[in-house]
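Colleague: I'd like to learn how to read a few features of a model like this one. Could you walk me through some of them?

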Amino acid sequence: MMMLLNVAGQLDPSDSKRHITYGFQLDQPAAIMRIRFAYWPKLLEDDGQAMELIMESIDSYVAPEHQGPVREGWRRYLPLKNLITLSMDGPNGYRGACHRHDAEQSLFLSEQEASEGLMPGKLALGEWNVTLSVHAVVTERCSYDLSIWTEEADTA
């Protein structure tokens, strides 16, 4: 096993609609690249804060003439969730995106197979990038861990 990237971070609502890219170098041939990504908390548990955010969104995204009924049914949007997704780029270009709601993801890339959303293919030597797309942070803080490492074929 060779660790390529191991980072942790904290986000807040001001990080919503932001991309965070980490670069790492693959210097030795490898059969499998593994990615573990986790973030927490997933849910905003405070219904009062959730209601405020939902009302702000209604003001921003719903035409004034339709806001009344939408405001009355604000609870149908609960629970509000943080959402961070991940995409990969290798030295030869885009390798896919994992646009899913799971707060913990174990992913892999190899020449023959890859996790859903990622594209199988040779693990080219050189500069790779992983991008975290922070769609929404609705909690006061959101922490994340991201690790990427390689393994040889017999450990798949």
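Predicted model: local features only at pLDDT ≥ 70, side-chain atom pairs only at ≥ 80, totals over all residues.

Colleague: Is Lys 42 buried or exposed, and which side chain of opposite charge is nearest?

Modeller: Lys 42 is buried, and Asp 102 is the nearest side chain of opposite charge, 7.4 Å away. A salt bridge needs a nitrogen and a carboxyl oxygen within 4 Å, and Lys 42 has none.

Colleague: What polar partners does the side chain of Lys 42 have, then?

Modeller: One is the side chain of Tyr 39, in a polar contact of 2.6 Å. Another is the backbone oxygen of Asn 82, 2.7 Å from a polar atom of the Lys 42 side chain.

Colleague: Let's turn to the helix. Which residues of helix 1 are buried?

Modeller: First, the general idea: an α-helix has 3.6 residues a turn, so residues three or four places apart point the same way. In helix 1, Ala 50, Ile 54, Met 55 and Ile 58 are buried. Viewed down the helix axis, they fall within an arc of 135 degrees, so they line one face. Helix 2 (67-72) is part of what covers them, while Glu 52 and Ser 60 are exposed on the other side of helix 1.

Colleague: What caps the N-terminal end of helix 1?

Modeller: Asp 46 does, with a side-chain oxygen 2.8 Å from the backbone nitrogen of Gly 48.

Technical notes. Residues numbered from 1 in each chain as written. Heavy atoms only, no water. Buried < 20%, exposed > 50% of the residue type's maximum accessible area, 1.4 Å probe, protein only. Lys, Arg positive; Asp, Glu negative; His and termini not counted. Polar contact = N/O pair within 3.5 Å; in protein donor to acceptor, adjacent residues only side chain to side chain. Helix = DSSP H or I, 4+ residues; strand = E, 2+ residues; numbered from the N terminus. Arc of directions from axis to C-beta. Contact = heavy atoms within 4.5 Å.
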